[in-house]
Amino acid sequence: MSESESLPRVLIVDDEENILNMFQRSLRKDFEVITTAKPSEAIEIMKKQKVDGIIIDFELPEISGSELIKTIRRNMSYDYVPILVLTAHETHMAVTSSFQSGADGFLAKPATVAEVRVKMLELMHSQKFSRSLKQRLSREKYSNKGNSASESSEEIPSVKTEPHPPDQD
C-alpha cells in the first residue's frame, strides 16, 4: 500500500489555480489531495472515487459554492463528508449561506495552510465520532427491540423533595 492510499482523500474546489497548487503541495503530508477549478468536475470526481473531506471556495464559476454544497449533500453517500468553505468574502451572508447549505466549517481567506489543515482534520475527527455515535445508538435501538414492553418503557421513579427552610441569618 502506498503512502497516499492510507491518507484521507480531500477534494479541493477553487477557481484560483495558485490556491489549488499551494494546497496540493502543502497538504500532501496529511492528505491525498485532489484539486479542480470546476464544480462540474468535482461532481464527476466524487462519482468515481471516495473523498473523505471537501474544501470549497464560496465563489466559483458555473455555480456558487453554496449550490455545490447542496448538490453534494443531496447524495446520501456524501451526507457525512465534512465540507469546509474557504472564501475571501467573510460576510454574514456568505457564512450563513454556507452553513445553511450544509457546510461544516468556514474559514476566511487569507487563511494559512496550517489553519486549513487543522480545521479539516478537526472536522474529519468530529464527523467520524458522530458517525460512530449514530452507529452505536442504532445498534442499541435494535438490541432493545427484543426487550419486553415493561423494560423498554420503564419509568424513572419520582423523588420526594422537601421545601428548603428559609435561610437564617
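This is a predicted model: local features need pLDDT of at least 70, side-chain atom pairs count only at pLDDT 80 or more; totals for chains, interfaces and linings use all residues.

Trainee: Is Glu-16 buried, partly exposed or exposed?

Mentor: Look at relative accessibility: under 20% is buried, over 50% is exposed, and partly exposed lies in between. Glu-16 has 36%, so it counts as partly exposed.

Trainee: How far apart are Glu-16 and Thr-36 in sequence and in space?

Mentor: Those are two separate ways of counting. Along the chain, Glu-16 and Thr-36 are 20 residues apart, while their C-alpha atoms are 9.5 Å apart in space.

Trainee: Where is Asp-14 found?

Mentor: Asp-14 is in the loop between S1 and H2. Its relative accessibility is 2%, so Asp-14 counts as buried.

Trainee: What does the side chain of Asp-14 reach?

Mentor: For polar contacts, check pairs of N or O atoms within 3.5 Å. The side chain of Asp-14 reaches the backbone nitrogen of Glu-16 at 2.9 Å. There is also a polar contact between the side chains of Asp-14 and Lys-109, at 2.9 Å.

Trainee: Which residues does Asp-14 touch, not counting those up to four places away in sequence?

Mentor: With those set aside, Asp-14 touches Ile-19, Leu-20, Thr-36, Ala-37, Asp-57, Leu-60 and Lys-109.

Trainee: And what about Thr-87: which strand is it in?

Mentor: Thr-87 belongs to strand S4, residues 83-87. With 0% relative accessibility, Thr-87 counts as buried. Leaving out neighbours within four places in sequence, Thr-87 is in contact with Asp-57, Phe-58, Phe-106, Leu-107, Ala-108 and Lys-109.

Trainee: Now the helices. At what angle do H4 and H5 pack?

Mentor: Compare the directions of the two axes. Helix H4 (residues 65-74) and helix H5 (residues 92-101) pack at about 15°, and their axes are 8 Å apart. Angles under 35 degrees count as roughly parallel, so H4 is roughly parallel to H5.

Trainee: Is the crossing of H4 and H5 left-handed or right-handed?

Mentor: The crossing is right-handed. On the H4 side, the contact is made by Ser-66, Ile-69, Lys-70 and Arg-73, and H5 brings in Ser-97, Ser-98 and Ser-101.

Trainee: How do the residues of that contact divide into nonpolar, polar and charged?

Mentor: In the contact of H4 with H5, 1 is nonpolar, 4 are polar and 2 are charged.

Key
Residues are numbered from 1 along each chain as its sequence is written. Side-chain values use heavy atoms; hydrogens and water are left out. Helices (H or I, at least four residues) and strands (E, at least two) are DSSP runs, numbered from the N terminus. Buried means under 20% relative accessible area, exposed over 50%, partly exposed in between (1.4 Å probe, protein chains only). Contact means heavy atoms within 4.5 Å. A polar contact is a pair of N or O atoms within 3.5 Å; within protein, one must be able to donate a hydrogen and the other to accept it, and residues adjacent in sequence count only if both atoms are side-chain atoms. Axes are lines fitted to C-alpha atoms, for helices over the stretch in contact, and angles run from 0 to 180 degrees between N-to-C directions. Angles under 35 degrees count as roughly parallel, over 145 as roughly antiparallel, 65 to 115 as roughly perpendicular and the rest as oblique. A crossing is left-handed if the near helix is turned anticlockwise from the far one by less than a right angle, and right-handed if clockwise. Ala, Val, Leu, Ile, Met, Phe, Trp, Tyr, Cys and Pro count as nonpolar, Asp, Glu, Lys and Arg as charged, and the others, Gly among them, as polar.
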